[in-house]
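Please look through the structure shown here. The briefing below goes through it topic by topic.

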Amino acid sequence: MSKTPAVARSLLFHAIAGLALAGCTAEATKHTPGAPTPEADAVRQGDGIADWPQLTSPNKPDPAMEARIRAIVAGMTIEQKIGQMTQADIRKITPEEVRRFYIGSVLNGGNTQPDNTRGASFAQWRAATGRYHAAALATDMAVKIPLLWGTDAVHGHGIVTGATVFPHNMGLGATHDAALVREIGAATARQVRATGIDWVFAPTLAVVQNYRWGRSYESFSSDPAVVRELGSAYVQGLQGDLGSDASALATAKHFIGDGGTDRGKDRGVNLSSRADLIAIHAQGYVGALEAGAQTVMASYSSTRDYGKMHGAGFLLTDVLKKRMGFDGFVVSDWNGIAEVAGCARDHCAQAINAGIDMVMVPEKWEKFIKKTVREVNLGEIPMKRIDDAVTRILRVKLRAGLFARPADAVFGDAGDLQARDLARRAVRESLVLLKNNDAVLPLKRSAKILVVGKSANSLRNQAGGWTLDWQGMKNRNADFLIGDTILAGIRETAGEANVVFDKTATKAKVESFDAVIAVIGELPYAEMKGDILFPDTIAESRHFPEDLEVLRRVAGHGKPVITVLVSGRPLYANELINLSDAFVAAWLPGTEGKGVADVLFRTANGAIAHDFRGTLAFAWPHAPCQTSFAAGDGGPQFARGYGLTYANPQPLGLIATPSIPINCVQ
């Protein structure tokens, strides 16, 4: 099993030691969000291109393929070319329209399922993808160009009912296990290919610097070296033998700097210098591109010196495509072109000229085609740029083997949606033990257990966002055809007769039990809605006071309290930790909640079944407003790399619990 050595994991961290992470601090300079700062002109004059990593595409040149692409492009009309550059959501485009407008790609958005049916069956997915693929091959073009279908399978094929859902990336980062991440990538590829989909919008390569960001859980680590290694492993697993039946295209996203925006604001401004942009935020892309990632998605965010990424030609073209040797294609994010000044959801010459090759225009795709054709005819977009974009798209489709795929081709079956043993192992390896006083863990299987907390019996809470729908809040346990809650795992391990569940801890008498397991934490969220906006605090009990109340009800009765925190980011939780004898960070474990009980309990004969293996891939805050871990900020409560084991117990005394302010002051 490939583990990231401690030295390698901290290599880049030490190289940038002393940098304050973006967080509860005032901005150093005032500027218009999305616009370059006054320093931008100076940066461009000495553009610093040589400072960026120089890479070479791992894909060997194929003269015959390139000649074939040139011939196809030469025979295409401008309408056909723009059609190939267009990606629409299946809610807003029919298979017949895909045929008529020569559409290059469709996607299912976070809330989109076939036939507008929530909980669409495997058969519905198969039928829908079959219709769209067949339509793309039924155009009047001399050379039929196959369709790409993209999906946000960011922790398994989460939108498909009955698919195994893996821990989100934050949990996988805690495993520091590249081989495991590679296996999960490969399993995800099998899932999506079985439903007729060939393109995954993952992995996220953000190096999160502020936990206020609502997409923090999509990041592997705040350490760029870890993101680089695990991002590479995920791409390798997902793409596998590129072009084979088990391969799905990967997307390195969101280029670049989305994890480092000021105060963690989604779609905000990354104030990093060029040196920090390279040393911190570019490293995941180095790993992914070296692993052969075929697509890159542009970020909604802005950089200090180049403005909105969807219009940042220096970064998208000069840096990514030329300096870093990327010869695949760049796709925009959902209506991302509208982020660029002077653009709208249905047109953006600036974005295309900057280097966006495929434009995700989920709803206004027809207007986009018409307006873009007009912009080309007016000379606002050079034909050379259009031909380059289409060439890149066709290159990726050929490499993926799509031209050799019959319209009715199918890969795998419904059984490929399942990878439960792998996911359960990932849950075990991702758990981080922060406290275990008096060795209260592991528990005896014969112990009588009181289980409390809102997340103990909630597949919704443990799976998080990007599961069955975008934000994940609508889900009920019954919506998951497969999966086990953490409570189910405890009951199976300890025995039904030994376990009582009292969600709010208001009915059961604690004194009647040998131990209490409290499963608490955040509710599901995804981008935009998941941000903790400044000046609010990042204190868990500030946002979820019911969790603190539950722990207060069960603590102080002479029975050990084991707390399992389900969350999409490290949160200030000192008062919760003090009320607990043992404290476990479980992140967002996905559908296989039994993996938690695997580690909390001994075997039937009293031996240790599974020791804790996870260590923090993100520093843990020591104060309610702490989002910076530079030396001057007092350091973290628990540093990156921290994690107790049964083999190496360390007692933890009471930790400071400063009062939680209503708002942070800076």
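Serine 247 touches Arg193, Leu238, Gln239, Asp241 and Leu242, not counting residues up to four places away in sequence; contact here means heavy atoms within 4.5 Å. The place of this serine is in the loop between H9 and E5, where helices (H or I, at least four residues) and strands (E, at least two) are DSSP runs numbered from the N terminus. Serine 247 has a relative accessible area of 5% and is buried, a word that stands for under 20% relative accessible area, with exposed over 50% and partly exposed in between (1.4 Å probe, protein chains only).

This is a predicted model, in which local features need pLDDT of at least 70 and side-chain atom pairs count only at pLDDT 80 or more, while totals for chains, interfaces and linings use all residues. Residues are numbered from 1 along each chain as its sequence is written, and side-chain values use heavy atoms, with hydrogens and water left out.

**Nonpolar core**

- The largest nonpolar core has 201 residues, and Leu315, Leu441, Ile449 and Ile517 touch the most other members. Such a core is a set of buried Ala, Val, Leu, Ile, Met, Phe, Trp, Tyr and Cys residues joined through side-chain atoms within 4.5 Å.
- In soluble globular proteins, nonpolar side chains tend to be buried together.

**Helix H12**

- Helix H12 spans residues 313-323 and is mostly covered, with eight of its 11 residues buried.
- The buried residues of H12 are Phe314, Leu315, Leu316, Thr317, Val319, Leu320, Lys321 and Arg323.
- Leaving aside neighbours within four places in sequence, leucine 315 is in contact with Trp52, Phe255, Ile256, Thr303, Tyr306, Met309 and Leu320.
- After H12 comes glycine 325, which has a positive phi near 70°.

**Helix H8 and its partners**

- The axes of H8 and helix H9 (residues 224-239) come within 7 Å and cross at roughly 35°. Axes are lines fitted to C-alpha atoms, for helices over the stretch in contact, and angles run from 0 to 180 degrees between N-to-C directions.
- On the H8 side, this contact is made by Ala178, Val181, Arg182, Gly185, Ala186, Thr188 and Ala189, and on the H9 side by Glu229, Leu230, Ala233, Tyr234, Gln236, Gly237 and Leu238.
- The residues of the contact of H8 with H9 divide into eight nonpolar, four polar and two charged. Ala, Val, Leu, Ile, Met, Phe, Trp, Tyr, Cys and Pro count as nonpolar, Asp, Glu, Lys and Arg as charged, and the others, Gly among them, as polar.
- H8 also packs with helix H16 (residues 420-430), at an angle of about 145° and with the axes 11 Å apart.
- Here Leu180, Glu183, Ile184 and Ala187 of H8 meet Leu422, Arg425, Ala426 and Glu429 of H16.
- The contact of H8 with H16 has five nonpolar, no polar and three charged residues.

- Strand E5 (residues 251-255) runs parallel to E7 and is joined to E7 by four bridges; two strands pair if DSSP finds at least two bridges between them.
- Threonine 251 has threonine 295 in E7 as its bridge partner.
- E7 is also joined to strand E10 (residues 329-331) by three bridges, and the two run parallel.
- The bridge partner of valine 296 in E10 is valine 330.
- From strand E7 (residues 295-298), Thr295 and Met297 point one way and Val296 and Ala298 the other way, and all are buried.

- Strand E16 (residues 561-566) is mostly covered, with six of its six residues buried.
- Val561, Thr563 and Leu565 point one way from E16, whereas Ile562, Val564 and Val566 point the other way.
- Strand E15 (residues 515-521) pairs with E16 in the parallel sense over six bridges, and valine 519 has valine 564 in E16 as its bridge partner.
- E16 and strand E17 (residues 582-587) pair in the parallel sense over five bridges, and isoleucine 562 has alanine 582 in E17 as its bridge partner.

**A three-strand sheet**

- An open sheet of three strands has the order E6-E8-E9, with mixed pairing.
- Strand E6 (269-270) and strand E9 (307-308) stand at the edges with a single partner strand each, so one side of each is left without a neighbour in the sheet.
- Strand E8 (residues 302-303) and E9 run antiparallel and are joined by two bridges, with threonine 303 opposite glycine 307 in E9.
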